Amino acid sequence: GLYGYKQHLFPIVQGSVYKDLRIESAKYIADKGAVGNAIGGLAVGEPAEEMYEMIEIVNDILPQSAPRYLMGVGTPENILEAIDRGIDMFDCVMPTRNARHGYLFTHQGILHAKSKKWEFDLSAIDSLSSNSLIQSTSKSYLRHLFKCEELLAMQIASINNLSFYLSLVKEARKQILADNFVPWKKEKLEIVMRRL
């Protein structure tokens with residue numbers, strides 16, 4: 001295969017938020033016996049609760065032996081809720097798009113890097129980050145870079161958000177394997193939704 005890896009096509013379950021269409025589509029897709037299955041059309045502005053309901057309906061039909069890929073999702077909260085409902089894979093512009101606008105996901109909550117409150121704050125962007133750049137860059141310096149419209153600001157913010165997302169899903173996997181995901185998720189949701 002290309003780059004030394006075998007590639008696979010995942011068929012996509014569609015149907016918007018219509019239960020009957022989702023069921024019909026999921027049954028059709030499940031019968032294909034694909035290596036993995038995708039769930040599409042649930043990151044286009046519908047309320048999160050409707051997205052979660054459609055995930056539950058679809059996941060009751062799709063085979064558990066094949067990975068489930070939720071397309072275009074989402075916030076840390078969405079990812080944790082989707083994992084809890086059986087989703088294995090994600091893709092989303094959220095971490096880098098938000099970063100370009102100065103919104104950072106951290107282990108303490110959501111940080112708006114352009115805020116004046118960080119003007120003289122010499123503490124790390126995220127002291128709990130696994131990324132040494134993020135541990136060693138201050139909030140005030142990042143704010144300064146954004147204020148000067150320096151492209152480095154968007155790069156650092158993107159590195160932060162991608163590092164955070166990777167850390168989040170790695171920890172989610174550890175908690176699943178330790179049979180502790182649900183209580184951990186409850187605690188984590190309070191943090192990832194907090195505005196700093």
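1. In this predicted model, Ser129 touches His107, Ile134, Gln135 and Ser163 once its neighbours within four places in sequence are left aside. Ser129 belongs to the loop between E6 and helix H5 (132–136), and, because its relative accessibility is 4%, Ser129 counts as buried.

2. Helix H6 (residues 139–147) packs with helix H7 (residues 151–177) at an angle of about 135°, the axes of the two helices being 7 Å apart. H6 and H7 are therefore oblique to each other, and their crossing is left-handed. On the H6 side the contact is made by Tyr141, Leu142, Leu145 and Phe146, while H7 contributes Leu152, Ala153, Met154, Ile156 and Ala157. By residue class, this contact of H6 with H7 divides into 9 nonpolar residues, with no polar and no charged ones.

3. The buried residues of H6 are Lys139, Ser140, Leu142, Arg143, Leu145 and Phe146. The partners against which the buried residues of H6 pack are helix H4 (94–100), strand E5 (103–105), strand E6 (110–112) and H7. Just after H6, the backbone at Glu149 has a positive phi of about 55°.

4. Which residues touch the most other members of the largest nonpolar core? They are Ile39, Leu42, Ile55 and Leu70, in a core that holds 16 residues. At least two residues of this core come from each of helix H1 (19–30) and helix H2 (48–59), and H2 gives the most, with 6 residues. For Leu42, again leaving aside neighbours within four places in sequence, the contacts are with Ser16, Val17, Arg22, Met51, Met54, Ile55, Leu70 and Val73.

5. Val13 is found in strand E1 (residues 12–13), and, because its relative accessibility is 0%, Val13 counts as buried. Beyond its neighbours within four places in sequence, Val13 is in contact with Arg22, Ser25, Ala26, Ile29, Ala38, Ile39, Gly40, Val58 and Leu62. One of these partners, Ile39, is also among the residues that touch the most other members of the largest nonpolar core. Val13 and Ile23 lie 10 residues apart along the chain, and 8.9 Å separates their C-alpha atoms.

6. Some backbone geometry deserves a separate look. Val73 and Gly74 are joined by a cis peptide bond, for which omega is about -5°; Gly74 is placed in the loop between strand E3 (68–71) and helix H3 (76–84).

7. Ser16, although not a glycine, has a positive phi of about 55°.

8. The location of Asp179 is the loop between H7 and helix H8 (181–192), and, because its relative accessibility is 72%, Asp179 counts as exposed.

Terms used. Residues are numbered from 1 along each chain as its sequence is written. This is a predicted model: local features need pLDDT of at least 70, side-chain atom pairs count only at pLDDT 80 or more; totals for chains, interfaces and linings use all residues. Side-chain values use heavy atoms; hydrogens and water are left out. Axes are lines fitted to C-alpha atoms, for helices over the stretch in contact, and angles run from 0 to 180 degrees between N-to-C directions. Helices (H or I, at least four residues) and strands (E, at least two) are DSSP runs, numbered from the N terminus. Angles under 35 degrees count as roughly parallel, over 145 as roughly antiparallel, 65 to 115 as roughly perpendicular and the rest as oblique. A crossing is left-handed if the near helix is turned anticlockwise from the far one by less than a right angle, and right-handed if clockwise. Contact means heavy atoms within 4.5 Å. Ala, Val, Leu, Ile, Met, Phe, Trp, Tyr, Cys and Pro count as nonpolar, Asp, Glu, Lys and Arg as charged, and the others, Gly among them, as polar. A nonpolar core is a set of buried Ala, Val, Leu, Ile, Met, Phe, Trp, Tyr and Cys residues joined through side-chain atoms within 4.5 Å. Buried means under 20% relative accessible area, exposed over 50%, partly exposed in between (1.4 Å probe, protein chains only).
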